[in-house]
Amino acid sequence: MKVLYEDNHIIVVNKDSGEIVQGDKTGDVPLSDIVKEYIREKYNKPGNVFLGVVHRLDRPVSGVVVFARTSKALSRLNDMFRNGDVHKTYLALTAGKPPKPADTLTNWLVRNEKQNKSYCYNHEVPDSKKAVLSYKEAGHTDNYTLLEVELKTGRHHQIRCQLASIGCPIKGDLKYGARRSNPDGSISLVSANITFVHPVSKQLMSFDAILPDEPLWRGIVRNA
């Protein structure tokens, strides 16, 4: 676990791909428990450590995750996420180039719980939720396009599903059309930056992810 920032009210960490943010049916140790143990040991806290899960990242995704250390921070951060006051930017390495170098995508997603997958439609259908994101080309490698993505809504597998719908499946994402998996089981999607007003101090906070230390990410040619 890599801690990017911590104070009395929040802690911001860089999640590795493969980690789960919160406990699930797999029984694997979640990142939230690892952070709790870190706080317990560092501050010599007896008993249970309070830690609020504010948002999640899919297991194969890496990047910035914010946790609340107090109930006051948790309540306020939940409101901020709900109201769209938290600005999140993702980086995705995709196969193929998008139809436009920059665009806003508006779709309606239907989540299939059994398949753990979302399906994308261009119009509203039963049980669908509106999904909006903006993207722009930010760079490239020999075989992939780097897209910078800003989420306007937070739907299940939203970025993965919407980018696949325009012919740009994320590298390694077999579920949404990638040709092959990544060796470590990750997908090439990173929660690259999160910016928000601190829930207590009211200072503007901005945190950048530690990008995967892999030749492909190091070899990206950024757009001017």
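Colleague: Where does Lys15 lie?

Modeller: Lys15 lies in strand β2, residues 10-15; helices (H or I, at least four residues) and strands (E, at least two) are DSSP runs numbered from the N terminus. This is a predicted model, where local features need pLDDT of at least 70, side-chain atom pairs count only at pLDDT 80 or more, and totals for chains, interfaces and linings use all residues. Residues are numbered from 1 along each chain as its sequence is written, and side-chain values use heavy atoms, with hydrogens and water left out.

Colleague: Which backbone oxygen does the Lys15 side chain reach at 2.5 Å?

Modeller: That of Val61. The backbone oxygen of Glu19 lies 2.9 Å from a polar atom of the Lys15 side chain.

Colleague: Which residues is Lys15 in contact with, leaving aside neighbours within four places in sequence?

Modeller: Among them are Val21, Leu31, Leu57, Asp58 and Val65, with contact meaning heavy atoms within 4.5 Å.

Colleague: Switching to the largest nonpolar core, how many residues has it?

Modeller: It has 28, and those with the most contacts inside it include Val35, Phe67 and Val149. A nonpolar core is a set of buried Ala, Val, Leu, Ile, Met, Phe, Trp, Tyr and Cys residues joined through side-chain atoms within 4.5 Å. A second, separate core of 26 residues includes Val54, Met80, Val86 and Ala209.

Colleague: How many aromatic pairs does a search of the whole structure find?

Modeller: Two; ring centres of Phe, Tyr and Trp (its six-membered ring) must lie within 6.5 Å, with planes under 30 degrees apart stacked, over 60 edge-to-face and the rest tilted. Tyr5 and Phe207 form a tilted pair, 5.4 Å centre to centre with 40 degrees between the planes. Tyr5 is in strand β1 and Phe207 in strand β11, so the pair ties together parts 202 residues apart in sequence.

Colleague: And which residue forms a pair with Phe207 at 6.1 Å centre to centre?

Modeller: Phe196, also tilted, with 40 degrees between the planes. Both Phe196 and Phe207 are buried, while Tyr5 counts as partly exposed at 25% relative accessibility. Tyr5, Phe196 and Phe207 form one aromatic cluster.

Technical notes: Polar contact = N/O pair within 3.5 Å; in protein donor to acceptor, adjacent residues only side chain to side chain. Buried < 20%, exposed > 50% of the residue type's maximum accessible area, 1.4 Å probe, protein only.
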